[in-house]
Amino acid sequence: MKFRISKITDLLKYQGKRKILVLVLSLLWLLALSWLGFLWNLGSVGLVDETEPLFAEAARQMTVTGDWITPYFNGQTRFDKPPLIYWLMAIAYHAIGVNSLAVRLPSALAAIALTCLGFYTINYCTQPETIKNSEQEFSYLTEDKPTNNRPFSLISLYTAWMGSALIALNPETLAWGRTGVSDMLLTGCMCSALFAFFIGYVKEEENRKNREEIEKEKVKNLPLSPWYLAFYILIALAILAKGPIGIVLPVIIIVSFTLYLGNSREIWQEMRPQIGILIILVIALPWFILVTLANGQDYINSFFGYHNFQRFTQVVNRHAAPWYFYFLVVLVGFAPWSIYLPGAIAHLKFWQRRYWCRQPRKAQLGLFALFWFVCIFGFFTVAVTKLPSYVLPLMPAAAILVTLLWSKIISIKKAEIGINQKSFPLYITISFIVNVIFLLVLAGVIFYSFNWLGKDPAMPNFDRIFRESGLGVTGGWLWIITAAMVTMLIWLRQESGILTVNLIGLAAFIIFVITPVYNLVDEHRQLPLRQLANTAVQEKLPGEELIMVGFPKPSLVFYTQQPVTYYRMEKDVIKYIQTSQNKAPASVLILGQPKKFTQMSLQPNQYQILDDKGAYQLLRVPKQAFKNIDLKSR
């Protein structure tokens with residue numbers, strides 16, 4: 001008995017030290033992911049036209065006008081999105097100044113929060129629970145036994161680490177987590193809500209034994225689970241981030257999941273939806289009421305009619321795509337992990353409904369992730385308007401699916417130590433081979449990517465600039481080396497390291513290729529506009545109007561912090577100036593590409609070039625220069 005007590009005491013001491021070590025390592029891991037994925041060089045480049053400056057300027061206008069209800073851009077209402085992203089940007093402006101870092105910080109923090117909560121969820125649902133397992137682990141650490149026979153109890157920790165890495169480090173999440181628009185904020189709120197739901201779902205089952213000891217009458221009066229409470233709060237924030245989609249998708253996912261398992265009524269009772277609806281209404285409804293009172297039918301038609309209903313039922317802003325569009329988006333946007341998605345889905349054997357119904361809730365994480373993935377994918381495939389960012393919220397689910405598959409792969413490798421046999425299912429073996437092929441194809445695409453560049457009129461020579469930088473060659477060789485390492489691991493029967501090699505290759509690609517390319521694009525596409533905006537502010541006479549002709553660049557409004565008149569067609573500029581010739585001052589500032597000025601029949605002696613940067617020129621033109629231009633001939 002004394003030996004037994006002594007052993008348990010030593011076990012508890014060991015477990016305490018181990019928990020501290022695991023906590024420290026996990027925090028360092030999450031910090032590294034957050035820094036590499038979302039914070040490193042976040043504000044080093046300017047805003048990217050055309051969408052990002054729209055959000056940035058609408059938020060800045062709130063700080064200038066004090067109107068925190070109605071968003072404005074360039075003197076016009078902007079009802080595209082609800083206000084949460086603008087509010088957070090405006091708060092960031094007050095904290096760190098009006099700059100690109102403040103614009104992107106809400107998206108980065110949303111991505112970081114999602115990564116951390118994803119880590120917690122995966123870790124919580126895959127950790128061993130019983131002291132028996134811990135004592136067994138301790139006995140292997142203290143007894144003199146061969147290393148290869150020790151149980152691999154840290155699989156769950158590895159699973160959480162890799163799961164959080166896959167949530168953070170995929171092209172879709174990296175792109176939108178570093179961009180100052182509402183997509184990542186919606187994803188952070190909505191997906192965190194889904195994580196909160198599942199944790200609450202698991203914890204309710206764990207507390208069931210205690211509840212069974214309480215009289216049935218008292219069970220109904222138990223307080224709402226804090227995780228379900230967090231779910232409702234996050235849903236309300238998701239609605240304030242992007243509208244009704246913030247609640248529609250989670251409801252579809254949860255209802256489908258619980259109907260499949262046949263426990264809908266039980267979950268309905270646990271979640272106390274009456275309380276939840278009240279919480280959501282208290283948080284989200286006031287702004288919708290206030291903005292409707294301030295703007296009336298214009299807001300209702302624009303936000304609910306155009307930006308929600310019509311986007312689902314019609315093609316908006318020419319964003320049409322074929323039915324298979326999101327297959328390609330997921331393939332590229334979740335690369336290189338997307339190669340393993342078919343195998344991860346097959347591994348679940350979701351068609352075995354009786355099996356899943358018998359499983360404890362904690363073991364149903366993979367099934368929940370599958371419903372999460374399929375519901376979002378299906379919803380936006382049905383929607384007529386299609387954009388790559390629409391399926392951003394399914395990336396965490398895809399990460400969980402692939403992570404659980406790899407947890408199984410590692411378990412297989414540990415179990416077959418000392419057994420000379422191949423134990424991987426065929427679909428996993430095929431995935432390994434496709435991984436190598438995909439990386440080689442990716443390398444080839446990057447090697448020759450300069451052939452597809454240079455199409456942007458704002459940087460017409462970028463194909464040559466990119467080729468001379470050597471970044472395409474660097475990126476191609478990085479993926480060739482990664483493919484070679486994966487091939488070597490397959491040859492040596494060390495398949496459990498393949499995911500780690502892919503992760504190292506992606507991290508190297510981010511550091512040595514993506515970041516320099518991002519800086520290069522900013523230098524040749526956005527920097528000239530910032531420089532011309534600065535010149536316009538310095539040169540502009542009192543009352544003088546700034547006009548941009550050609551494709552509108554909203555960053556001009558943000559960086560000049562002044563209204564800009566945009567016209568795509570040269571004849572519209574001529575007509576506008578001709579109608580205002582008698583208004584002071586006698587000149588206007590016009591920004592555009594030189595060919596636009598030629599098409600407006602302006603002669604070099606009729607204007608003054610104030611600045612010339614990149615593909616653009618900034619001119620001061622007397623209004624009289626447009627007086628005799630005949631519009632009928634155009």
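A salt bridge is taken here as a side-chain nitrogen of Lys or Arg lying within 4 Å of a carboxyl oxygen of Asp or Glu. The views show a predicted model, in which local features need pLDDT of at least 70 and side-chain atom pairs count only at pLDDT 80 or more, while totals for chains, interfaces and linings use all residues. Residues are numbered from 1 along each chain as its sequence is written, and side-chain values use heavy atoms, with hydrogens and water left out.

**View 1. Salt bridge between Asp80 and Arg78.** The side chains of these two residues meet with an N to O distance of 3.9 Å. Arg78 is buried, at a relative accessible area of 7%, whereas Asp80 is partly exposed, at 22%; buried means under 20% relative accessible area, exposed over 50% and partly exposed in between, with a 1.4 Å probe and protein chains only.

**View 2. Salt bridge between Glu50 and Lys553.** The closest N and O atoms of this pair are 2.7 Å apart. Glu50 lies in the loop between helix 1 (2–39) and helix 2 (52–65) and Lys553 in the loop between strand 3 and helix 25 (555–560), so the pair ties together parts that are 503 residues apart in sequence; helices (H or I, at least four residues) and strands (E, at least two) are DSSP runs, numbered from the N terminus. Lys553 is buried, with a relative accessible area of 4%, and Glu50 is partly exposed, with 25%. Together with Arg525, both residues belong to a network of salt bridges.

View 3. Strand 3 (residues 545–549) and strand 4 run parallel and are joined by three bridges, and Ile547 has Thr565 as its bridge partner in strand 4.

**View 4. Largest nonpolar core, around Phe197.** A nonpolar core is a set of buried Ala, Val, Leu, Ile, Met, Phe, Trp, Tyr and Cys residues joined through side-chain atoms within 4.5 Å. The largest one has 158 residues, and those with the most contacts inside it are Phe197 and Trp372. Helix 8 (residues 183–206) supplies the largest share of this core, 15 residues. Leaving aside residues up to four places away in sequence, Phe197 touches Tyr228, Phe231, Ile254, Phe257, Ile267, Met271 and Phe368, where contact means heavy atoms within 4.5 Å.

Methods:
Two strands pair if DSSP finds at least two bridges between them.
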